[in-house]
Amino acid sequence: MIFAGCDVGSLTAKAVILMTNQDNKDPVVISSELMQVRPLPKQSATEIMQKALDDINISFEDIDACCSTGYGREEISFADFNISEISCHARGVYFIDPSIRALIDIGGQDLKAIRIDEKGRLLDFKMNNRCAAGTGRFLEISAQVLGISIEQLGPLSLQSKKNISVTGQCSIFAEMEVTHKLYRGVRRTDLAAAINKAMALRVSALAKKIVQGVPTCITGGVSKNIGVVNNLEKILGMSFKKIAFDPQMIGALGAALYAKEYFDKELPKQRKMRA
Amino acid sequence: METLDLFKEIAQTNYNRYLEEAKSKGTKIIGYFCNIPEEIIMAAGMIPYRMRAVESTKTTLGDIWYSTINCSFPRNCLDQILEGKFNFLDGLVVMNSCDHIRRLYDNCKYGDLWPNFLYMLAVPHVVTPESIRQFKREINRFRLALEEHFNVSITQEKIKEAISTCNHTRKLLGELYELRKQDPPPIKGAEILAIMLACTALPKEVANASLETLLSELNGRVVIPKGSPRLMIAAGYLEEIDYMDLIEKDAVVVADSLCYGVRYLRNLVDENKDDPIDALAYRYTSIACPRMIESYDDRIETINNDIKEYNADGLIVDNLKFCLHWQVFRFMIENEIEKGERLSCPLLVLERELHTGAQGQVKTRIQAFLEQIHDRKDQKVSTHEAFKY
């Protein structure tokens, strides 16, 4: 059986394809793809899913069930149903490591702290409030100002020798602050470190209550920034569990797992009804 | 569902044909904020009209008078006043329920923005024998002010009559709320909100007659499949029907703690008291609203009881930005749920500004919240059935 999960976020689109054995058990990931989003969610979804399918030489018809998630989840016509990215992240992380009880997901424009129980069920969550502070967009804007790519922001910050801070609460004000400091001759490495620290502060303020004292991991694009992760661990006084899967693809993986569940539960019912 | 359509129609606009008709016959209409003893206005032969901003699309004029850290309800409301959308009113009664509303009175007075009768009714924030005595004096002062300004006489008999009419409205609304306890309920939360908005903008006789018809029409009505997630919403001011629709996309709101909700209909005025003013003073201080100091336990208990009675699966607390009453209460509810002793159910906290979008984010939160409820409940209806589009 083949199951697909499609996660169309605000900045990137992700697709994961799962295969199960003959008894529809032991799902394994057989393909996964990531790309920058196109203007329309539908476009991004079709393109990324096609890419993931092409990698393993199968077509849309081979998919037994598909679930969509992410910001554009309702616009994806080839998906059978949609589940919020919050539940999908919980499901995905639990599949990779069932000992995890909480996760922090930092995406392009969302920041979420999610608590799950011992069966991987959603217990509680917190999400940022209509503002880009503490999200990937903030890092993107800041990297642009520094004239570096977003991938460099983490490694660059590790070379910092001086402790400075960016205090702006809002992404736009923080950008102005970074520009101003750059003009005054502050080193880029120090600024990169300050940006990562500011980001970690925002995230910890939201996530603290949810993640305290339980095995936690970090997912989403920003989890690839070593500077933010190190700072966050320091502020929260804990170390994150490493997961054996691309942290940016967890949402799509969770969606694919939901698709399998859907297939298990719903399709026999529908067939029965038809018969 | 003609009656329901009528309520929905009335709820969409500030002014309506029933008010227009009454006005053409010379009946005066008095606008008011929050829960004031509207019986006094009715006893003066006038129509009480609860202030709203349902037609508001901007706050450009309101922004002149309000600062950035003021609540968006009075801001939108003042904007509508300055736009002339409330010119049909013959008077406005403001009460000191919160400083943002009170500021609307200040602005109107200072800037001479309100053309006719403008009155501030001071309500107490505690319930003690002294505060009730003081409130009685305030109600009497209000009665005298109306009598003097409009040259009418407000007799004890007329007040008693008005009390009985208003009690009837409350009882009918109470019957409507009883129906929400069913699974599935025959009416959605957005519809209840429309009814509440309409009932506070119609002559009471019209409202009562329409409510009676509506109650007979609802028998056997189906709005959502059995077993759908049932929610309770606790908030201060909420008038946005489309926002309720958003919450109720895959669920149904069965209980509330809203100004346009239980706080309007709970607790009848005692009709057996000799002094009707005394009865009014007691009733209007008995409402468990966050503006009352020391009403915390009462509020938590009310919410807990309602969750059980209406069999709600989850609680949504939604506060307007800069509403201190609700921000504090929200924080206390969060703590209470964390402790889990007096209140225990899934909780979703939302914050909004009146009539502003950000629908995508709210939608995600609500969907995830319903998935959380489902996960916890392990209902027989599968997640996918409920969330399929």
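Into which domains is chain B divided?

## Getting started

Chain B splits into domain 1 (17-158) and domain 2 (225-387), with bounds taken from an automatic or database domain assignment. Before going on, keep in mind that this is a predicted model, where local features need pLDDT of at least 70 and side-chain atom pairs count only at pLDDT 80 or more, while totals for chains, interfaces and linings use all residues. Residues are numbered from 1 along each chain as its sequence is written, and chains are lettered from A and ligands numbered from 1 in the order in which they are written.

## Where the two domains meet

The C-alpha centres of domain 1 and domain 2 of chain B sit 26 Å apart. Between them, 27 residues of domain 1 of chain B touch 26 residues of domain 2 of chain B; two residues count as in contact if their C-beta atoms, placed from the backbone, lie within 7 Å.

On the domain 1 side, α5 (72-82) and α7 (129-150) of chain B each bring at least two residues. Helices here are DSSP runs (H or I, at least four residues), numbered from the N terminus. It's α7(B) that gives the most, with 6 residues. By type, this side of domain 1 of chain B has 14 nonpolar, 10 polar and 3 charged residues. Nonpolar covers Ala, Val, Leu, Ile, Met, Phe, Trp, Tyr, Cys and Pro, charged covers Asp, Glu, Lys and Arg, and the others, Gly among them, are polar.

## Where chain B meets chain A

Here the contact takes 17 residues from chain B and 18 residues from chain A. On chain B's side, α16 (359-377) and α17 (383-387) each supply at least two residues, and α16(B) has the largest share, 10 residues. This side of chain B divides into 4 nonpolar, 7 polar and 6 charged residues.
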